[in-house]
Amino acid sequence: MAEAGSTQRGRGWRRVVPLNVRGDIVLGLVVVVLTLVGAAHVSPWLDEAATANIVSYPTWDMTQLWTASRWWFKGVDVALAPYYLVVHQWVRLVGISPLTLRLPSVIAAGVGTAVMAAVGRRLVGRRGQLAYATCYGLLPRTTAMAIEARPYALSSMFMAAALLFVVMARRKLAWWGWLLLVMSMVGAVAMQLYAAFPIAGLVVASWFFLKGRARWLVTIAAAFSAAILSPFLWLSYQQIGQSSWLADQKFSLANGGVIASKQHSRSAGV
């Protein structure tokens, strides 16, 4: 009787989370629901207030952050420009509030979880599907990214997608798969510049993980992504001077950054 009950529970679980794309989506939706609760109750913090302020302006006024003249860019918060543009269009559709600002991050965490479930399913099977989704979706850093109006959850989602397409390249990957791999790499870095490091690691790992020309194709995809991103990376590089004053500050406490920022504001007459 006990074995029969266990078998029935196992079958019920498999019906809810089948070993296919629908099961991946179910796991992603679970993370969306969990993080949505936090996104609806956590108070906005300083960087989220900056997001709300910037994306609330009309499009032309918002782009003045990045333009020195009408037709040329300068490095003022250029690194976050792609994210601000995405959220700007989003809030034009749904309105602006703490929850709506965070919804792109919540959705990205859910999509990333579903994608990682697909990675685990392809590599390991049932246990991989559940383990990969759990480790990604319930990782404290993932839940933290999901409940804030910042670009990190979107970058992580694109990075997970890039990993999935590399895993799919173990078998023959259609041309659209390689195109989506390039787009995923571009999206990851456009949302967060530091995503270039895990992408580089993914390319290196592909030489051990893949065989034949698939290894070269992943490398070429990364090179194409770098070429597409090169103007954006160059423009972002120009903003390094904005934070150069931080090198002269002493940070002895966790809140030293706040103190240093206030001191800098006073010295600048702000």
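**Helical packing, core and pocket in a predicted all-helix model**

Met191 is found in helix α10, helices (H or I, at least four residues) and strands (E, at least two) being DSSP runs numbered from the N terminus. The structure is a predicted model, in which local features need pLDDT of at least 70 and side-chain atom pairs count only at pLDDT 80 or more, whereas totals for chains, interfaces and linings use all residues. Residues are numbered from 1 along each chain as its sequence is written, and side-chain values use heavy atoms, with hydrogens and water left out.

With a relative accessibility of 7%, Met191 counts as buried, a class that requires under 20% relative accessible area; exposed residues have over 50% and partly exposed ones lie in between (1.4 Å probe, protein chains only). Residues up to four places away in sequence aside, Met191 touches Pro82, Tyr83, Val86, Pro151, Leu154, Ser155 and Phe158, where contact means heavy atoms within 4.5 Å.

Helix α10 is mostly covered, as 12 of its 17 residues are buried. Among them are Gly177, Trp178, Leu181, Met185 and Met191. The buried residues of α10 pack against α5, α9, α11 and α12.

Over the whole chain, the secondary structure comes to 13 helices and 0 strands. Of the 270 residues of the protein, 41% count as buried. Among contacts with a separation of 6 or more, 69% are accounted for by residues 24 or more positions apart.

In soluble globular proteins, nonpolar side chains tend to be buried together. The largest nonpolar core of the model has 55 residues, and Tyr83, Tyr84, Leu181, Met185 and Val218 are those with the most contacts inside it; such a core is a set of buried Ala, Val, Leu, Ile, Met, Phe, Trp, Tyr and Cys residues joined through side-chain atoms within 4.5 Å. Two or more residues of this core are given by each of α3, α5 (81–94), α6 (98–123), α9, α10 (175–191), α11 and α12 (213–237). Helix α9 provides the largest share of this core, 12 residues.

Tyr84 is in contact with Thr51, Ile54, Val55, Met62, Trp66, Asp77 and Arg150, its neighbours within four places in sequence being left aside. Thr51 lies in helix α3 (residues 46–55) and, at 0% relative accessibility, counts as buried. The C-alpha atoms of Thr51 and Tyr84 are separated by 7.1 Å, although these residues are 33 apart along the chain. With residues up to four places away not counted, Thr51 touches Tyr83, Tyr84, Leu101, Ala149 and Arg150.

Val87, in helix α5, is likewise buried, with a relative accessible area of 0%. Beyond its neighbours within four places in sequence, Val87 is in contact with Val55 and Leu101. A separation of 8.8 Å is found between the C-alpha atoms of Val87 and Ala149, which are 62 residues apart along the chain.

Helix α2 (residues 21–41) has 21 residues and reaches 31 Å from its first C-alpha to its last, close to the 30 Å expected at 1.5 Å a residue. Its buried residues are Gly23, Asp24, Leu27, Gly28, Val31, Thr35, Gly38 and Ala39, and they pack against α6, α7 (126–137) and α8 (140–146).

The second largest pocket holds about 210 Å³ of space. On a 1 Å grid over the protein atoms alone, a cavity is a set of points where a 1.4 Å probe fits but cannot get out, and a pocket is an open set with protein on both sides within 12 Å along at least five of seven lines; lining residues have an atom within 4 Å of a point. Grid points are joined across faces, edges and corners, and a volume is the space filled by probe spheres set on the points. The lining of this pocket includes Tyr136, Tyr152, Ser155, Met159, Gln192, Tyr194 and Leu202. At least two lining residues are supplied by each of α9 (152–168) and α11 (196–209), and α9 gives the most, with 6 residues. The lining divides into 9 nonpolar, 3 polar and no charged residues, with Ala, Val, Leu, Ile, Met, Phe, Trp, Tyr, Cys and Pro counted as nonpolar, Asp, Glu, Lys and Arg as charged, and the others, Gly among them, as polar.

Notes
The expected span of a helix is 1.5 Å times one less than its number of residues.
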